[in-house]
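User: Please take me through this structure step by step. I am new to it.

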Amino acid sequence: MIVIGAHLDTWDLSPGAIDNGVGVATVMDIAQHLVSLPKKPKRTIHFILFAAEEQGLFGSFHNVDLMVENKQIDNIKYMINIDMMANAKGFNSVGHKGTEQFIEMVGKHIASLDSTYPNINEHKKFNPGVDHKPYMLQGIPVILPVQGMDPKMVRPTYHTDRDTMDKVKPEYLENNFRRIGELITILANLDSVPAVKMDDEQTKQWMLKHNFKEALMRTNNWRWEATS
Ligand SMILES: [Zn+2]
């Protein structure tokens, strides 16, 4: 199973166009398209719109808790989170080894179909405060699209009343749909996925290596012993 999610909520005063109307539209566009195809992918794709991300990732933690409870958590092979993501220009492997090569391969493929695709990938950066965090805490590999809008446009507007629809161009939505949809389609049809879920100890070591312990302790998400 591949999980693709975006949070549905926004801040009280914000229209929430970039954060996160674009993400919701992208998930719905890809779902609508894939469901309409006669051939089904090899893997199940689970499309989710999360509630209450801005209050503390309540929807995504709830989904992970349910999957653990139903003993389905090991069936999730990848999680793709779409948050503040307009005009996707590449993908972020979030530091998972097999994923790095995979997104480079997918990037070349998308660029061969779309001459405007910047194909700018990242391999290390990620923000542990968003909806992929509960999945990462379970050791599930994550892929994040890379924001293609000018940061000078995005930074001063999100979480404010200036996060309005006029910032979102129709081609940004089309690009998101085609580029992220292509990656998901490939991932859902591979014989085996490029990176595998880490076990509990590997997940702990991965978090330590990437210096996330302090951030996770601050949000009460460090579930390993307090001293190492
Ligand atoms: Zn957001």
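Analyst: Two strands count as paired if DSSP finds at least two bridges between them. Helices (H or I, at least four residues) and strands (E, at least two) are DSSP runs, numbered from the N terminus. This is a predicted model, in which local features need pLDDT of at least 70, side-chain atom pairs count only at pLDDT 80 or more, and totals for chains, interfaces and linings use all residues. Residues are numbered from 1 along each chain as its sequence is written.

User: Which residue in S2 is the bridge partner of isoleucine 4?

Analyst: S1 and strand S2 (residues 45–50) pair in the parallel sense over 6 bridges. Within this pairing, isoleucine 2 stands opposite isoleucine 45. For isoleucine 4, the bridge partner in S2 is phenylalanine 47.

User: Which residue in S3 is the bridge partner of isoleucine 2?

Analyst: S1 also pairs with strand S3 (residues 78–81), in the parallel sense and over 4 bridges. There the bridge partner of isoleucine 2 is tyrosine 78.

User: Is strand S1 largely enclosed or open?

Analyst: A residue is buried if 20 or more other C-beta atoms lie within 10 Å of its own, exposed if 12 or fewer, and partly exposed in between, with C-beta atoms placed from the backbone. In a regular strand the side chains alternate between the two faces of the sheet. Ile2, Ile4 and Ala6 point one way from S1, Val3, Gly5 and His7 point the other way, and all are buried. Because 6 of the 6 residues of S1 (residues 2–7) are buried, the strand is largely enclosed.

User: Is phenylalanine 58 buried, partly exposed or exposed?

Analyst: Phenylalanine 58 is found in helix H2. Leaving aside neighbours within four places in sequence, phenylalanine 58 is in contact (C-beta atoms, placed from the backbone, within 7 Å) with Ala51 and Ala52. Because phenylalanine 58 has 17 C-beta neighbours inside 10 Å, this residue counts as partly exposed.

How values were computed. Contact = placed C-beta atoms within 7 Å.
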